[in-house]
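Colleague: Let us go through the terms used for this model. I will ask what stands behind each one.

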Amino acid sequence: MDDASTPPVRLHPTSSQPLSMKAAQAHVDEFLSSLKVRSTPSKGFDATVTSQLVKLSKALKEERARGRA
């Protein structure tokens, strides 16, 4: 049974650097592709994470298209 009093792990960045929308979209798409290959229903595949990343990828594409128009 999970201990409900244990908070989730918090990640803190140690550094950052600018990233273009095109590069961000490429990284998200690459990660999604890799995730689909590595994940199977028998391994407890989480469709929620995938759907959120797909939404992010679509939003980046739309934002880039608006920037070009």
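This is a predicted model: local features need pLDDT of at least 70, side-chain atom pairs count only at pLDDT 80 or more; totals for chains, interfaces and linings use all residues.

Modeller: Residues are numbered from 1 along each chain as its sequence is written, and side-chain values use heavy atoms, with hydrogens and water left out.

Colleague: Why are helix 1 and helix 2 called roughly antiparallel?

Modeller: The axes of helix 1 (residues 21-38) and helix 2 (residues 47-68) cross at roughly 155 degrees and come within 10 Å. Angles over 145 degrees count as roughly antiparallel. The pair is therefore roughly antiparallel.

Colleague: Which residues of helix 1 meet helix 2?

Modeller: Among them are Val28, Phe31 and Leu35. Contact means heavy atoms within 4.5 Å.

Colleague: What makes the largest nonpolar core?

Modeller: Ala24, Val28, Leu32, Leu53 and Leu60. A nonpolar core is a set of buried Ala, Val, Leu, Ile, Met, Phe, Trp, Tyr and Cys residues joined through side-chain atoms within 4.5 Å. Helix 1 gives the most, with 3 residues.

Colleague: Why is threonine 50 called buried?

Modeller: Its relative accessible area is 11%. Buried means under 20% (1.4 Å probe, protein chains only). So threonine 50 is buried.

Notes: Axes are lines fitted to C-alpha atoms, for helices over the stretch in contact, and angles run from 0 to 180 degrees between N-to-C directions. Helices (H or I, at least four residues) and strands (E, at least two) are DSSP runs, numbered from the N terminus. Angles under 35 degrees count as roughly parallel, over 145 as roughly antiparallel, 65 to 115 as roughly perpendicular and the rest as oblique. Buried means under 20% relative accessible area, exposed over 50%, partly exposed in between (1.4 Å probe, protein chains only).
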